Amino acid sequence: MAEKIVLASVADSGRSSTTSGRGGTAQRDGNLAIIEFDGEGHNTFSTEKMNNITDLVWELGDDQNVDAIVMYAGDGRSFGVGGDFNEVKDFTGGSEVNRWIDACVDMYRAVLSVPKPTVVVIDKFCIGIALQLALCADWRIGTSAADLRMPELKLGISCILGAPLLQHRVGPAVANRMIIGCDAWVGETAFADGLIDELVPAAAPLEAGTSRALALAKYEAVPFARTKSFVNHEILLAMEEARIAAIAGHRAGFAAGNAAQSKMRGIVGAGR
């Protein structure tokens, strides 16, 4: 079971931080909460890390002093390159796959369902699980160096969880090209196809993210929450269907001896 994350009480002004455990660190900046992912290198997502991020999002959602949430990987780091290689390399198609997929979907559901505005700040790689997480947010900020990919089929694993998110957020045409082609959408191309909502210089992406979050935080809370709930309702239903299919697909894939994690290292390089 994931370690319970509690956001400590902090001052209403100025930036203070609280460590959440192995998932992320929440910084309070006035009425904003900025989640900076824990980890090294390009940023990977283990089962435990995803469970902890889920808990942290819900804690922030319940905090009456938080009006909007920003998610960021940290200066100079990729938003994420998918699952934790050191964990996934040991998957054999058993119950560990169920726990992994449940952690993915529960994290996505938290961001889709939390009644407050969510903004993600994407720099460098945003691949697989990371892209799916980003697609759950209300607003995506991307730099010119942002490199968005859904390369699962090229890696030999099914792309089931990403399909409904892409189809709802950017439409069937872009979704199909991204899932089947497994190509990279970089900077302006990602912006043109709606994968990111705002393209900013690579120099200070977090500032752009907090600026957007502050603007969204000014919306009346109840109308925003009701609208978000309605907009995301069909996605949430689709994600529950995808949860079942993804568990079956990934169990079968890993049982067959796929080496997706090794191929992923070839895409992102040695740094993790």
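Helices α6 and α10 pack at an angle of about 160 degrees, and their axes lie 9 Å apart; here helices (H or I, at least four residues) and strands (E, at least two) are DSSP runs numbered from the N terminus, while axes are lines fitted to C-alpha atoms, for helices over the stretch in contact, with angles from 0 to 180 degrees between N-to-C directions. The structure is a predicted model, in which local features need pLDDT of at least 70 and side-chain atom pairs count only at pLDDT 80 or more, whereas totals for chains, interfaces and linings use all residues. Residues are numbered from 1 along each chain as its sequence is written, and side-chain values use heavy atoms, with hydrogens and water left out.

The two helices α6 and α10 are therefore roughly antiparallel to each other, a term that applies to angles over 145 degrees. Pro164, Leu165, His168 and Arg169 of α6 meet residues of α10 that include Val231, Ile235 and Met239. Ala245 also belongs to helix α10, which spans residues 221-255, and is partly exposed, with a relative accessible area of 32%; buried denotes under 20% relative accessible area, exposed over 50%, and partly exposed the range in between (1.4 Å probe, protein chains only). Although Ala245 and Ser158 are 87 residues apart in sequence, their C-alpha atoms are 9.7 Å apart in space.

In helix α7 (residues 172-181), Val174, Ala175, Met178 and Ile179 are buried. Viewed down the axis of α7, the buried residues fall within an arc of 120 degrees, so they line one face of the helix, the arc being that of the directions from the helix axis to the C-beta atoms. On the other side of α7, Pro172, Ala173 and Ile180 are exposed. The buried residues of α7 pack against several elements, among them α4 (129-136), β8 (147-149) and α6 (162-170). Just after α7, Cys182 adopts a positive phi of about 60 degrees.

When neighbours within four places in sequence are left aside, Tyr108 is in contact (heavy atoms within 4.5 Å) with residues including Ile129, Leu133, Leu165 and Met239.

Definitions and conventions. Angles under 35 degrees count as roughly parallel, over 145 as roughly antiparallel, 65 to 115 as roughly perpendicular and the rest as oblique.
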